[in-house]
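Please read the points below with the sequence and the model open beside them. They are set out for a colleague who wishes to check each one against the atoms.

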Amino acid sequence: MKSFINVQDIGPLDKALAEAMEIKHDRYKYQHLGRNKTLMMIFFNNSLRTRLSTQKAAMNMGMNVIVLDVNAGAWKLETERGVIMDGDKSEHLLEAIPVMGCYCDIIGVRSFAGLTDREYDYAETVLNQFIKYSGRPVFAMETATVHPLQAFADLITIKEWTPSNSPKVVLTWAPHCRALPQAVPNSFAQWMMADKDVDLVITHPEGYELDPQFVRGARVEYDQKKAFEGADFIYAKNWSNPGVTNPADYGKITCEDRSWTVDTEHMSWTNNGKFLHCLPVRRNLIVTDDVIESPNSLVIPEAANREISCSVVLKRILEAL
């Protein structure tokens, strides 16, 4: 595996999940693969779970780790070609990227959507520059449109806690005070749709339809209560308007309906459903205290599995070097 961006890159899911369970049983089994190899983690945006879990996974694999926070400790980077660089950006990404590649064997990139130019965001402009110019394998630590490490960890968690061979999984939009990217719901839908055992339902206000390239015909139910009925897992996540039905709305908050907040009444509609969220979460906006603190909340085991999903990805990349 030379890059990891979408579910297709991981290959057969059953094999990837088997490797995840193997690594979870012995996290240092493949430490020899990373000996004398260096991972460079590049952050254009803030991070807690991604930074810690990815660094821990790399250490489990025996790797050296370099962490670069572009916004704190590096020159400000220009990403556009043809720009006269007479502002506050001192270095161009097209020089910085190959330089970074000189110092490492694998690169992880975290760069969020700007939410102002849909075409630019969905072209994955920053990530693709790293793939093209670094000369190194590149994996996504959340990009403008996807967060595959999170979605893989979500799937691992669902498999560990599933009550049946075909669990009903609901991805529900929830309100938020800020405009957020669609990366997490995009990847979650993509990975759930790739697993033939999962019965996925997506529920959100009208106009918040995710890009078809990620949902691939997933069942959409605009009535949240109907969507929740009989669900085994509820995955709550806010996303700003994806601009699919109206491009002018891209990146905007076009619904603030607090009735979508997941509370105990919402969870009572489910089949004793488990609650999932990628974190960080705005309590009593996305989900109420009593739900996220309940025995059915899996947010901590889910976060722990981020180390496991990343370990599988690094193992696959190291084996291909």
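**Note on the model**

1. Because its relative accessibility is 53%, Tyr103 counts as exposed, where exposed means over 50% relative accessible area, buried under 20%, and partly exposed in between, with a 1.4 Å probe and protein chains only. Tyr103 is found in the loop between helix H3 (93-102) and strand E6 (106-110); helices (H or I, at least four residues) and strands (E, at least two) are DSSP runs, numbered from the N terminus.

2. This is a predicted model, in which local features need pLDDT of at least 70 and side-chain atom pairs count only at pLDDT 80 or more, while totals for chains, interfaces and linings use all residues. Residues are numbered from 1 along each chain as its sequence is written, and side-chain values use heavy atoms, with hydrogens and water left out.

3. Tyr103 also belongs, with Ile66 and Val99, to a nonpolar surface patch whose accessible area is about 270 Å² together. Patches are made of residues with over 30% relative accessible area and no salt bridge, like charges being joined within 9 Å and nonpolar side chains (Val, Leu, Ile, Met, Phe, Trp, Tyr) within 5 Å; the areas come from the Shrake-Rupley method with a 1.4 Å probe, and for residues only the protein chains shown count as cover.

4. Helix H7 (residues 183-194) is largely enclosed by the rest of the structure, because 10 of its 12 residues are buried, among them Phe188, Trp191 and Met192. Its end C-alpha atoms are 17 Å apart, which agrees with the 16 Å that its 12 residues should span at 1.5 Å a residue, the expected span being 1.5 Å times one less than the number of residues. Leaving aside neighbours within four places in sequence, Trp191 is in contact (heavy atoms within 4.5 Å) with Phe4, Asn6, Val7, Ile10, Leu13, Pro148, Ala151, Phe152 and Leu155.

5. Val312 is placed in helix H12 and counts as buried, at 0% relative accessibility. Not counting residues up to four places away in sequence, Val312 touches Ile10, Ala16, Glu19, Ala20, Ile23 and Phe152.

6. The structure holds 14 salt bridges, each a side-chain nitrogen of Lys or Arg within 4 Å of a carboxyl oxygen of Asp or Glu. One of them joins Glu19 and Lys315 (3.3 Å, N to O); Glu19 lies in helix H1 (residues 13-25) and Lys315 in helix H12, so the pair ties together parts that are 296 residues apart in sequence. Both Glu19 and Lys315 are buried.

7. Lys315 also meets Glu319 in a salt bridge (2.8 Å, N to O), and these two residues of helix H12 are separated by about one helical turn, being four residues apart. Glu319 counts as partly exposed, at 42% relative accessibility, whereas Lys315 is buried, with a relative accessible area of 5%. Salt bridges that share partners join Glu19, Lys315, Arg316 and Glu319 into one network.
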